Amino acid sequence: MHLTVSSPVQSLADLQRVAATPLAEAMPWASTYDLIRASAQVHADRPALTFLATGQVGGASTTWTYGQLLQGIHQTANLLHSLGLQSTDVVAAMLPGGLAYHLALWGGEAAGIVQPLNPLLSEDKLVSLLRASGAQVLIAHGVDDDSQMRAKALRLQSQCPTLQTILLVNPEGGPLPQGDALPAGVQDFHATRALQVSDRLLSGRVFQATDIAAYFHTGGTTGAPKLARHSHGAQVFTAWANAQMQGFQASDVTINGYPLFHVAGVLPGALCSLAVGMHILIPTPSLFRNREVIANYWRLVAHHGCTLMSGVPTVLAALAAVPLAGADISRLRAVRTGAAPLPPELALRFEQAFGLQINESLGMTETAGLSTVAPPGLSAPAGCVGWPLPHARVRIVGLNSDGQATPQTLPVGEKGMVLYQGPNLFSGYLDAAETARSFTPDGWLITGDVGFVDAQGRLHLTGRAKDLIIRGGHNIDPKVIEDALGAHPAVELCAAVGAPDAYAGELPVAFASLKPGTQVSEQELLAFTAERVDEAPAKPKRITILERMPVTNVGKIYKPELRTLATGAVVQALVDQVYGASANETRPRVTAQGDLPVSVSLQRSGHADLDRELQALIAALPVKVQVISAN
């Protein structure tokens with residue numbers, strides 16, 4: 001039995017009809033391997049994956065049919081089995097966008113547990129992740145180029161005692177170049193998999209839905225490794241439920257520009273599509289980070305006949321600035337976004353420029369990439385992320401003064417913490433203590449999102465609990481500021497965060513980047529925003545224009561870096577206050593970089609009294625600021 005869907009959910013009654021079928025009957029696949037194999041058996045000759053070597057329309061490309069993909073999955077799983085990998089062992093993947101990543105993902109899950117790695121992480125972070133998982137095999141980019149992935153992979157082998165084998169991938173698809181001498185424990189991925197049986201799994205593995213399929217790194221890029229465990233059943237449920245909600249068809253064509261080390265690219269972006277026989281385009285190794293892909297996006301959509309599109313709001317904002325220039329995008333029937341709030345102004349701009357309505361979803365690593373969906377055709381305001389998946393539930397509870405969930409369930413329309421239960425809940429983190437902190441005592445996942453449920457049962461998001469700006473005990477939703485600032489015609493992207501304050505705890509400030517060719521002053525933006533924010537405590541104290549908004553590798557605005565900039569500005573103001581017109585060479589130096597703590601370097605200036613005054617003011621701030629003395 002393969003997955004087929006009639007039409008998207010359009011009402012609560014539709015959703016209830018889908019959920020009326022017992023899950024075991026509606027979803028008979030025990031594993032991602034079973035799901036993809038069922039699809040490949042029906043759609044063997046249809047295109048499954050097309051890799052675009054460049055962002056140019058009509059450029060070089062490589063297409064695999066579903067039959068070829070399944071053969072490659074068999075070969076990859078059999079290769080890993082021949083290396084001694086068992087169902088509870090881990091194979092890590094460190095690759096750019098490309099066809100081989102799908103072999104690593106689905107062949108890896110057919111053989112053991114896959115650990116997708118973000119190749120842009122520091123070497124120390126990658127070592128900590130591999131040690132935490134105990135990975136035995138690493139499938140990695142195998143040629144020397146600007147990415148430095150090959151060299152990094154070979155260094156990782158010597159630092160991770162469990163890492164027995166590295167399989168190097170030639171991105172061209174064939175064996176590595178002749179004469180490429182490989183160290184001990186390193187093999188040529190494509191050359192060795194070509195020797196494997198391609199029509200079945202030699203392991204004879206019998207899958208259980210509770211078997212762990214993958215470890216996903218979550219929780220940011222600092223601190224101890226935080227690995228979320230996905231069961232096969234959770235991933236299959238996400239694919240089935242998403243297809244049901246959105247009415248996916250085998251005739252659909254989509255561009256998946258999400259990185260495949262991120263849950264959005266692996267599950268909503270890939271497995272959901274493969275489950276129904278859809279055609280997925282992979283836009284170059286750099287995906288949506290490739291400027292050529294963004295510049296030619298609408299022409300690529302027209303050329304390949306895309307019917308579905310998806311991207312985080314920052315990507316959609318970039319695409320909104322790209323003119324159609326005659327491209328025929330009439331086959332596009334749905335636009336999907338998630339991972340971050342959709343600015344209402346961006347939704348309006350898309351509809352006016354392209355005649356396309358953007359529908360939102362809510363997902364997180366801990367829910368196998370998806371929790372709620374606003375299906376195509378649903379008319380809803382920005383911030384509405386739709387209904388919970390079939391067989392899943394959402395609950396809204398009150399927040400305490402620290403922004404934490406309470407046991408109080410809130411009525412329809414009242415804003416609070418979003419809790420979730422569903423068949424795609426993750427199997428916990430590797431760290432049991434971290435798992436315990438993520439659930440309520442009665443088993444609901446604490447999502448960290450703030451929102452409300454309307455009378456139709458749809459969830460509306462207003463922000464993240466950790467992003468709330470707490471000013472003197474008053475909780476300020478940053479989205480109120482962001483919606484007001486984002487309505488300015490010159491603003492492309494914006495975000496509001498809390499700047500530390502000795503008296504109020506936090507004060508609201510905002511950052512913005514401008515659309516190309518526009519000009520506006522920070523004071524103009526401040527006045528514009530203040531007029532549109534009703535609550536006096538929420539009116540931002542400062543707006544800073546940035547040439548480039550910091551974003552994660554997935555494309556979400558990276559607020560930790562903005563908080564660092566906000567803290568740096570506060571500390572710099574204290575330096576200016578204390579030292580006045582002192583010569584530049586004797587003034588303390590403030591450093592605010594990335595998401596690191598702000599630091600202040602005191603100079604050998606002889607201003608001991610001023611230094612002490614500054615340190616007292618810094619100590620009163622509710623954040624850690626490192627003070628470095630030159631003495």
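On a 1 Å grid over the protein atoms alone, a cavity is a set of points where a 1.4 Å probe fits but cannot get out, and its lining residues have an atom within 4 Å of a point. The model is predicted: local features need pLDDT of at least 70, side-chain atom pairs count only at pLDDT 80 or more, and totals for chains, interfaces and linings use all residues. Residues are numbered from 1 along each chain as its sequence is written, and side-chain values use heavy atoms, without hydrogens and water.

**First stop: the cavity.** Select His102, Asn256, Tyr258, Leu260, Ile280, Ile282 and Leu287, which line the largest cavity. This lining comprises 5 nonpolar residues, 2 polar and no charged; Tyr, Leu and Ile count as nonpolar.

**Second stop: strand 9.** Next, select residues 227–231, which form strand 9; strands (E, at least two residues) are DSSP runs, numbered from the N terminus. Because 4 of its 5 residues are buried (under 20% relative accessible area, 1.4 Å probe, protein chains only), strand 9 is largely enclosed by the rest of the structure. Two strands pair if DSSP finds at least two bridges between them. Here His217 stands opposite Leu227.

Strand 25 (residues 505–514) runs parallel to strand 26, joined by 3 bridges. Finally, locate Phe511, opposite Thr544 in strand 26.

Key. 1 Å grid on protein atoms, 1.4 Å probe; cavity = no way out; pocket = protein on both sides within 12 Å on 5 of 7 lines; lining within 4 Å. Buried < 20%, exposed > 50% of the residue type's maximum accessible area, 1.4 Å probe, protein only.
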